[in-house]
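Here is a friendly note to read alongside the model. Please keep the structure open while going through the points.

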Amino acid sequence: AVLYGLCVAKKETNSQVLAKVLGLLTLIADLAPSFSLRALRWFTPLLVDKLSDPKLKTPASDCLLKVAEAVSPQAVASEILAAAQAVKSPKVQEGALIVLAVIISDFGARTLAP
């Protein structure tokens, strides 16, 4: 909730601060025994939006992949699709499709079946 308040609610624009926050979020997803779907829904629009930023593309995609390991690939994929459809930028949609391709490659296509 603290990370959400600092970055999502305030709409932080400093890429160095956001890179640190994405690193923290990745660490939390990696170390926390249960990463909630609520947290996934809070941060997915921010993470998908940052996939078009050259400085934040790698930390954002790494974070989404760690969250997919922590929660489920299917939940992350559906949140990525919802966030990408809400954005008009083709670069954001391209980044979202690349991350979805990596999720399918890492976890298999069967993990995304309903």
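1. Let's begin with helix 4 (residues 57-70) and helix 5 (residues 73-86), whose axes come within 7 Å and cross at roughly 140°. Axes here are lines fitted to C-alpha atoms, for helices over the stretch in contact, and angles run from 0 to 180 degrees between N-to-C directions. Helix 4 and helix 5 are therefore oblique to each other; angles under 35 degrees count as roughly parallel, over 145 as roughly antiparallel, 65 to 115 as roughly perpendicular and the rest as oblique. On the helix 4 side the contact involves Leu-64, Val-67 and Ala-68, and on the helix 5 side Pro-73, Val-76 and Ile-80 (contact means heavy atoms within 4.5 Å). By class, the residues of this contact are six nonpolar, no polar and no charged. The classes are set as follows: Ala, Val, Leu, Ile, Met, Phe, Trp, Tyr, Cys and Pro are nonpolar, Asp, Glu, Lys and Arg are charged, and the others, Gly among them, are polar.

2. A word on the source: this is a predicted model, in which local features need pLDDT of at least 70, side-chain atom pairs count only at pLDDT 80 or more, and totals for chains, interfaces and linings use all residues. Residues are numbered from 1 along each chain as its sequence is written, and side-chain values use heavy atoms, with hydrogens and water left out.

3. What does the secondary structure of the protein chain come to? There are six helices and zero strands, in the order α-α-α-α-α-α from the N terminus on. Helices (H or I, at least four residues) and strands (E, at least two) are DSSP runs, numbered from the N terminus.

4. Next, the chain as a whole. Of the 114 residues in the protein chain, 36% are buried (under 20% relative accessible area; exposed is over 50% and partly exposed in between, with a 1.4 Å probe and protein chains only). Among contacts with a separation of 6 or more, 66% come from residues 24 or more positions apart. The chain exposes about 6,600 Å², and carbon and sulfur atoms supply 59% of that area, by the Shrake-Rupley method with a 1.4 Å probe.

5. Back to helix 4. Its 14 residues should span 20 Å at 1.5 Å a residue, and the end C-alpha atoms are 20 Å apart, which agrees; the expected span is 1.5 Å times one less than the number of residues. The buried residues of helix 4 include Ala-60, Cys-63 and Leu-65. Which helices do the buried residues of helix 4 pack against? They pack against helix 2 (15-31), helix 3 (37-49), helix 5 and helix 6 (90-107).

6. Ser-61 counts as buried because its relative accessibility is 17%, and beyond neighbours within four places in sequence, Ser-61 is in contact with Leu-51 and Val-99. Pro-59 is partly exposed, at a relative accessible area of 21%. Leaving aside neighbours within four places, Pro-59 touches Leu-22 and Thr-26.

7. Finally, Ala-109 sits in the segment after helix 6 and counts as exposed, with 54% relative accessibility. The C-alpha atoms of Ala-109 and Pro-73 are separated by 9.8 Å, with the two residues 36 apart along the chain.
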